[in-house]
Each structure stands twice: as structure tokens, then as C-alpha cells.
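Subject: Structure handover and notes

Hello,

The structure is below, followed by my notes on it. Please read them with the coordinates open.

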Amino acid sequence: MSTIPLIIDGEDVLLPHDRHGTVANAYAEGPTLYQGATKELALQAAQSSAQAFAAWSKTTPIERRTLLFKLAEVLRSRAEEIKRVCDQEISCGPLWAEIITDGAIGMIEEYGALTTSIATGSLPFIQNGYGLVLKEPLGVVLGIAPWNAPIILGLRAVVAPIAAGNVAILKASRSLTTTDRRGIIDLLTGLASPPGVLNFLLHRPEDAPEIFDVLINHPDIKKCNFTGSTHVGRIIASQAALALKPVLLELGGKNFTVVLDDADLDLAAQEITKGAFLNNGQICMSTDKVLVTTAVAPALEAKILAILRSINTTSVLISPSAKAKVESLVSDARDKGAQIHTSPTTVNHDVSNRNYPPTVVTGLTPEMKLFEIETFGPVVGIVVVETEEQMTAIIQAANYGLSSSIISRNHHRALKLAGAIQAGAVHINSMTVHDEPTLPHGGYGDSGWGRFGARWGLEEFVQTKVVTLHQ
């Protein structure tokens, strides 16, 4: 039996057994226990980071660029190992493991390429003398990452702050352990100097409020970024507001695909099912809902169901409670008149308490919980309306606004509709699951605020200072 330790000031921290927790998604080759941080260790991590910031903030952008390019090369050399571990940890399948591993490498290289530009200030005109606008790092940044895309989301939480001259603490999910240690923490703590540029914390679920309270109220922690549920995001934002600390939030999404009457329906069916079932539907950008008019709905549904019947892989959710949530939403839809269609997959008896078949719900209506609540499982619902105006009304009434897509042969028409969608991303003739290192990523409304990715992500972790020079 192996145990994941914390890392504080470059050293592994091992705790008594009463501070151990069980890894939520333990697998045969991986660890089964992790160390659960105490309030005192959280303070120690913050103090270690604060001490490291004094030296790290003075490194040049070129030095940080060199570090990041080296990190990317090391990850590239270990890509197959990282992909295998990701697949084992979250049962995501080889395609998602490849997407998130390759995306992580590209993201590191993009941040590395931008280290000099993010430090570039400007010389604005002032009436007398000279004005200088400087960009400076914030200090210690707390990054909180989820489990569903281990390597890329763990890196995203800390690499952008570090690239901008900050130091970081990664507070990870108890389902996000081995990949973080092998692919992020061990590498960065080995490459970066001094110790404490990156510290790594895990904690037991029951200790989450205390640990976060200690960290967000620590005077040296200047900002928090969080990727996770809207419910937890509200708690983090409210506590951070009391401490007058800014937050970057990428939260849930009830993402939809709009299929217009002129769409290529074969393309639509392919993109909808890919977006709904990739990583077992456990992606913040997963396709949860389809909006289509009565004119093309029967043909589209037939094509989607044909693909569903061809699926022969088992979906494995992260936990029994995740499966219970999906079952409850689908059961409610069935009770209120929806039709439930499932793939003919066989049950994996080793994880039968987490199996759930890829599912299509037809006849989805606003009275059903599935219409509004994020599923976070391999389920997509189809909403049929009479007109495009009704589609627009549903779109504009949405609380979430993370990702969306439009399928249409008329690009001008699709671009016009994109302007009416209040979401961080609109993908035309593609699935809702799409992100690249050169793009900003984030949402509207209940999907959070701020942006990860490229120069937009780096700008989240610098502050602006004005200096004026007079005779």
C-alpha cells in the first residue's frame, strides 16, 4: 500500500495514520491513501511560499521561460506514462488521456512563450513629465484543481501564476493524486528554485472549510483560482470577498448544442455524441442538452440513436454518489414523460457501483430537473421546439454560460446566433468540448468569471502599477 505525501518547502510531509484519507479512485497500481493536511501545515505551506516569493519574483521572464520549456520537454518524454496514469485514475479512455496530456504540454509552452510579453509595461501620455505602467506579480496564489482532467487542470492552476512571477500552492482533489505528483509537483519542485515556489496540499473532505479559511485569510495569499462546481465556487467567492481577495472561477456548465434546420445532421449527431460521452460525460464542457426544431428533430434523433446503439464501451463514473446523481436526474425525466435510450454496453463488474451506460433522453422539457441541472455524466437530453425564436428564448434564459455549439451550413447565420449566446465559448460545427493553449477559457453567469489560457490567463496573475516621473 502506498501513500501520497504533501510537499512543503520542497520536502515530503508524512503524517500519522489518523490524518490519512482514502483515494477516491484507487486502482491496482496506484496509491490507496493520501496525507490530510492540518491547519498548521496549511499555514506552514503559506509561509514557505511567502519566503520563496521574495527570490522567485526577482527571476527574469527569460529564466521562467527556460524553466517552463524544460518542464514541457520532460512531460513530453513521459507522455505515455502520464496518459496511462490518467486513464487508470479516472477511467477516461485513451482519447481523453491524450487530449489532456498533449494539451498540458502545449499550455506550458504557450505560457513560456508569453513570459516576456506579460512583463511588458507601457509609456502612456501624461500632461507633465513621463508616465510608466508596470506589470508586477501578485505574490502567493492558491490554486484549487478538480479531478476530471488531472494533468492539465492541475497544471493550469499553478503554471500561469508561476510564469508571471508568482509562487503557488496547489490544493488538489483527493481523486487527483498520482498524476499531480508525477507530472507536476515532482517536476516543478525539482526544476524551480528556491523551495516553496510550488507547495502541494491534500486534505480530508471534512477539513476543507478549515483549510480554505486558513489559506484565504493568510496575508501573503493574494489570489485564489478555483475550477469545480458552482455550489462550491459560491462558497469560495464569498469567503474570498470577506478577505478582500480576488478569485478566478471556472465553474459548472449546462452546455448545449443548437442544431439549425440547414445543418449537416450526420455531423451534428457525431459532434453531439462525442461531446456528451467523452470522459464519461465528466467534463465541464460536456454536451448536456440539444436544441432542435420539429422540422429536423426526427432525422437527428434517429442518427444520434444509431450512434448510441453502436457504442460498446462501459462508462465508469468517478464515484457511486456521482452515479446516484445521474440516476436521479434520468429517473425524474422518465417519470415526467421523457423517453430513455441507452447503449447496449455490458457492465464492468469490477466497478459495477460506478457503471452508467451512455444515455440519450428524448422529449426533454423544462419541468424536468435534467433540463436545468448539470448532469456530469454520460447523458444528453434533446429539446424539440417549433421555431428558432423559441431556441433563442431558451438560450437567453440559461443561468450557466460556459460552452456551447451551433451546427449549421450557413456560417453567417451561425455567427449571428453566436452573438445571442451568453457563454464563454461558441463552437460552430464542432462539439462543445473544445479548448486550446492559445484561447481564453471561462464562463458567464453561474459558470464563473475570469479567464484561464494564454495571455488572458497570465493577465489574471499580475497587477498594474503606475509610476510618474517629473522634473
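Which residue does UniProt list for "active site"? The unreviewed UniProt entry lists Glu-250; UniProt positions are given in the numbering used here, feature names are shortened, and annotations may be inferred rather than shown by experiment.

Some conventions before the rest. This is a predicted model, in which local features need pLDDT of at least 70 and side-chain atom pairs count only at pLDDT 80 or more, while totals for chains, interfaces and linings use all residues. Residues are numbered from 1 along each chain as its sequence is written, and side-chain values use heavy atoms, with hydrogens and water left out.

The annotated residue

Glu-250 lies in strand β11, residues 247–250. Helices (H or I, at least four residues) and strands (E, at least two) are DSSP runs, numbered from the N terminus. With a relative accessible area of 1%, Glu-250 is buried (buried means under 20% relative accessible area, exposed over 50%, partly exposed in between, with a 1.4 Å probe and protein chains only). Not counting residues up to four places away in sequence, Glu-250 touches Arg-156, Phe-226, Thr-227, Gly-228, Cys-284, Leu-402, His-441, Gly-442, Ser-447 and Phe-452. Contact means heavy atoms within 4.5 Å.

Loop residues

Leu-244 is in the loop between α9 (230–242) and β11, and counts as exposed at 77% relative accessibility. Asn-279 is in the loop between α10 (265–277) and β13 (287–293), and is buried, with a relative accessible area of 1%.

Leu-260 sits in the loop between β12 (255–259) and α10. Leu-260 is also buried, at a relative accessible area of 1%. Leaving aside neighbours within four places in sequence, Leu-260 is in contact with Glu-388, Met-391, Ile-406, Ile-407, Ser-408, Arg-413 and Leu-417. Its C-alpha atom is separated by 38 Å from that of Ala-160, 100 residues apart along the chain.

Helix pairs

Axes are lines fitted to C-alpha atoms, for helices over the stretch in contact, and angles run from 0 to 180 degrees between N-to-C directions.

The axes of α2 (residues 61–77) and α6 (residues 150–163) come within 11 Å and cross at roughly 165 degrees. That makes α2 roughly antiparallel to α6 (angles under 35 degrees count as roughly parallel, over 145 as roughly antiparallel, 65 to 115 as roughly perpendicular and the rest as oblique). Their crossing is right-handed, meaning that the near helix is turned clockwise from the far one by less than a right angle. From α2, Arg-64, Leu-68, Leu-71 and Leu-75 meet Ile-151, Leu-155, Val-159, Ile-162 and Ala-163 of α6. By class, this contact has eight nonpolar, no polar and one charged residues (Ala, Val, Leu, Ile, Met, Phe, Trp, Tyr, Cys and Pro count as nonpolar, Asp, Glu, Lys and Arg as charged, and the others, Gly among them, as polar).

Helix α1 (residues 39–56) packs against helix α8 (residues 208–216) at an angle of about 30 degrees, with the axes 9 Å apart. The two are therefore roughly parallel to each other, and α1 passes α8 in a right-handed crossing. Here Lys-39, Ala-42, Leu-43 and Ala-46 in α1 meet Glu-210, Ile-211, Val-214 and Leu-215 in α8. The residues of this contact divide into six nonpolar, no polar and two charged.

Regards
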